[in-house]
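This briefing is written for a reader who is new to the structure shown below. Please look over the sequence and the model first, then read the points by topic.

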Amino acid sequence: MSTSHRTGPPKTSTAVVGVLALFTIGLLLREVPVHATALVGFLGAVSLTVSLWLVDRETELAGRLTVSLLTIPVAAGFVVGIFGTTLLLIGSFFPVENVSDVSIATLIVLGNLGVVVGSGIAIFGVTLGVNNVIASRALTAYTRTAVATALVPLGTGSVLVTSIALREGSPDGVNLLFERQIEKAWTALVSPGGTQLHFASFLLTVGAAAGVCWLLVRRFPFGSLVGAESNRWRYIRQQATALGPPRRVGVAFGLLTVGAVLAELLLAPAEIQSLVTAPLYNLVQLLTTADWLRLLLLGTTVVGTIWLGLSVILEELPGTRQADRSTMLAPLLLGGFWTLLAAVVSESLFSWLVTEIASQLPSGPAAEMLSVSGSIEAVYGSTPLIVLLAGIFLGVPAGIGVLLLGGVRGGYLAAGGTGFSVACGGLCLASVSASIISAPTWLVLGGVAVGLAIWDIGHFGTTVGHEVGEGARGQLVVVRVSTTLLVGLAGVALAAGLGRWLWADGFDASPRITLALVLLVTSLVAFANALR
Amino acid sequence: MTDDHRWSVGIGTALALVGSGLLLTQTVLVVGAVIPLVYLLHGVLSTVPSDVDLSAEREFESAGVTPGSELTVTLTVENTGTDVLPDLRLVDGVPEELTVVAGSPRIGVALSAGDCASTTYTVGLERGRYEFDDPVVRLRSLAGTDERTVTVPADGERTVACADAVSQPSLADAALGQAGTVAAQTGGAGLEFYATRKYHPGDPMNRIDWHHVAKTGEFVTIQYRRERAVRTVVVVDCRPCTRVSYEIGTPTGAAMAAYAGERLFQSLESAGVFTNLTAVGLDGEMAHLTDADGLPWLHPGADRERSPSTLFRAIHEIADRHPGRNEGEGPTRQSQEKAHESGQTAYRAAQTDHWTATPRADGGDTRERPEWTEKLLARLPAETQVILCSPVADDWPVAFARELTDRECVVISPDVTAGSSYGQRIRAINRRRRLQRLNHHGAKTADWPIDQSIEGTLERALPELFTDR
């Protein structure tokens, strides 16, 4: 049969999921003192979904221009939703009177932030689930558009700042912030000293170099060099493929690295030495702290990464259709426009940004920030800095696109109904975070139940849409939705009753942390795997 | 079958809540783990009834229709068992070759005992005989954790026959009058009065007009319209540019041309007319049917491997293959849409590939003969009636007809430009212009709207072919 049916979820299930999500998020947000930044974050989440939807359907110039324009609300949503909310929360809960209250205030800030971020993720997930647009093709197109939009301001800003840095050198105050960190990183990567083993950092360096080399071998154009049809090419191809499978090797290497990190964190060098004997310890240390070896590995990683990037660009550029190249012009031009705009308003924008951020910080960090920003502005000037910041700001959607693309290519976000899984995860995060800020019990339990109901109804709607499309009758959805909600309600009632009856006096503290950590790690792995 | 996935979600959520609750010393989170466990319990307890009893019935609104028309199907499913089925999803067994153009052959419904549900959908028909499979039903439990897929035997109609030319040569009663004989514009042996001329010694006595002799005393001989026995060649145009349709789900121009060609060929054959069959535009893989010049040249008595029926099967096969589609690919809507677009490209390409015109300095026409015209002219015997079945999607039929100076030419043209888009309207204008040019070059044309029968079209457009002479 050749037939094409509407494969989206039925409208009834979509409406129920949307109403449930919005209602629960509304209730959760009532517990949070900041609303404006959260709303900007939600707008960003919706803009991201709209962008993905647009880029999937509108491949022409106008569509790309709109998507490029929408990178502003997406970036604003991310930056304001997370960093803005954090700043406002810090301003609300700090400074504290006693040092002992710092941890409590930090926890409250994290709880509030968790509610906002979780709600934002839930909104993104629900809108994504309704449109079901998280496909590799759409994400690739979106990421390209976002990169093209950020390219001009990022490139211009980088060139300006670098040229000034090379000409003028770094300002004195900035040394404290940047150069010391760079020096620390360089020492840790290339020439770690002391009596420690430094096995974990060595393994990380080896892993990075090996990964890049593996990718280089995979991408090397053997076919062009020896002829794609020859037996020799097939043999080389087989040998290159036999280097894998990367996942198993990667997992084994990752476990070894985690083990090394834990061993170095938990055990003192002398203890490790006594475990593995002194000669072996010295031999391994000689290898892991050898400057020339680390430099070689680091150089291989850097050169290989540059080579890979160039090869990807050079391979994909000729294959890109003329139409695609012309549609890329719109975001590039728009990026140019933002660059000019940023340059024009740079002076007032820089001072506004610094003042706003400083006003939200406690007096100590605020004074330090004003001092450092003043030194930086004196050397670089506000224009290069604001242009660079605009580039970074516009690069945020590209980063989100790359992350999502990684999730899809890795198979995690590739299944149908992914959006509803994301929404469920978001609501569970928001509910758990709400418990930290002393939200009512019914709200926390209700948030968890609604999260699971959204997952269940969303996936049900997705399979119904996929299997019967427009042939689905309303009663089918109503039966399932009402059952799911009733079961959730029963669960909430049972949990609330159990809570009153069992643990009215709280927990015994002694073995709690260990058990909690074990359970949490296990459950997060299981939960993340199950939501796929 | 059980969906274990929900177990994982419930367990994962419960563990996460207990872990978070212990870490944050939040009682509410620990007891909150009960919620996913309740969902889990609901999933475990919910199962599909063990004895499901379903019946299905299928009805066709009309059957035995022509290619391009539509058939409305109504499928009803009834829960004849005693258990409630909370999640029943059904897909009717529509043949792969047919396209659903309206409605949906799928149902998703909850059915109580004794309840029934029905769906009505429409499929676009193509030539052939098609059998509907039994509908497939997938049952799920209330929680969606238990799942079972069964096939329900459907009562009622299951076969649709769409004007199979081989088995239903309904043109037989409208066969070409005196098929194979062409009235020439010269006097000679025949039945119809043509002219009189002066008596020549040796003229038969029964041809002398004795009335004229009695009146005037002058001997004149009556001439009858000469009737030549000629060969008929049916040419089917299935070049890539003709493999386009005006709407998804409708047959291509080449398919309809092949259909017309088959109907005519069968009728001519049954009328005893010696008819050759050929086709232009066969793909490379049809080499076993073609000669060295790339043309098949078949007649009714040919061997089985190169018989007309084999050729028609091959033509129908490639006629449904839109330009750009690989062999073996199913006729999905996406591929049809793609082909619909690429068909326009192929159409434009054909106009330039097959007919290149170079303006001459003196204003004359230095057009070169297209490849297919050259090949056909080399094959066509001197006295031949050519019946060209073509959607006239490009200029080639006009050019071909112009070259048939001393031969009778009839063009049967299925109209596949009935769409309402601007592009299709322009194509329709171009096609009408080409049909006018064909008439101008002396060809008889039959413009066949494909929602009408070919018999009616031929009777209207070419009445002389259906008149017993």
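In which sense do S7(B) and strand S11 (residues 159-162) of chain B pair, and over how many bridges? S7(B) and S11(B) pair in the antiparallel sense, over four bridges. The model is a predicted one.

- Strand S7 of chain B covers residues 128-131.
- Gly128(B) and Tyr130(B) make up the covered face of S7(B), while Arg129(B) and Glu131(B) make up the uncovered one.

**The parallel sheet of chain B**

- Five strands of chain B form an open sheet in the order S15-S14-S16-S17-S18, and their pairing is parallel.
- Strand S15 (275-280) and strand S18 (444-449) of chain B each have a single partner strand, so they stand at the edges and one side of each is left without a neighbour in the sheet.
- From one strand to the next, the twist averages 15°.
- Strand S17 of chain B, residues 408-415, runs parallel to S18(B) and is joined to S18(B) by six bridges.
- One bridge links Ile412(B) with its partner in S18(B), Ala446(B).
- Helix H6 of chain B (residues 308-319) packs on this sheet, where H6(B) touches strand S14 (231-237) and S15 of chain B.
- The direction of H6(B) makes about 25° with that of S15(B).
- Helix H10 of chain B (residues 422-440) also packs on the sheet and touches S17 and S18 of chain B.
- Between the directions of H10(B) and S18(B) the angle is about 155°.

**The mixed sheet of chain B**

- Another open sheet of five strands has the order S4-S6-S2-S1-S10 in chain B, with mixed pairing.
- At the edges of this sheet are strand S4 (99-103) and strand S10 (154-156) of chain B, each of which pairs on one side only.
- With direction ignored, neighbouring strands here are turned by 35° against each other on average.
- Strand S1 (residues 54-60) and strand S2 (residues 70-79) of chain B pair in the antiparallel sense, over seven bridges.
- Within this pair, Phe60(B) stands opposite Val73(B) of S2(B).

**A nonpolar patch on chain A**

- A nonpolar patch on the surface is formed by Phe337(A), Leu341(A), Val344(A), Val345(A), Leu349(A) and Trp352(A).
- Together these residues have about 570 Å² of accessible area.
- At least two residues of the patch come from each of helix H15 (322-344) and helix H16 (346-360) of chain A.
- H15(A) gives the most, with three residues.
- Val345(A) has its place in the loop between H15 and H16 of chain A.
- Val345(A) counts as partly exposed because its relative accessibility is 33%, and partly exposed lies between under 20% for buried and over 50% for exposed.

**Val422 in chain A**

- Val422(A) lies in helix H19 of chain A, residues 418-436.
- With a relative accessible area of 22%, Val422(A) is partly exposed.
- Val422(A) and Ala122(A) are 300 residues apart in sequence, but their C-alpha atoms are 6.5 Å apart in space.
- Leaving aside neighbours within four places in sequence, Val422(A) is in contact with Ile121(A), Phe124(A), Gly125(A) and Leu413(A).

Definitions and conventions. Residues numbered from 1 in each chain as written. Chains lettered and ligands numbered in written order. Predicted model: local features only at pLDDT ≥ 70, side-chain atom pairs only at ≥ 80, totals over all residues. Heavy atoms only, no water. Patch = residues over 30% accessible without salt bridge, like charges linked within 9 Å, V, L, I, M, F, W, Y side chains within 5 Å. Areas by Shrake-Rupley, 256 points an atom, 1.4 Å probe, with all protein chains shown as cover. Salt bridge = Lys/Arg side-chain N within 4 Å of Asp/Glu carboxyl O. Buried < 20%, exposed > 50% of the residue type's maximum accessible area, 1.4 Å probe, protein only. Pairing = 2+ DSSP bridges. Axes fitted to C-alpha atoms, helices over the stretch in contact; angles between N-to-C directions. Contact = heavy atoms within 4.5 Å.
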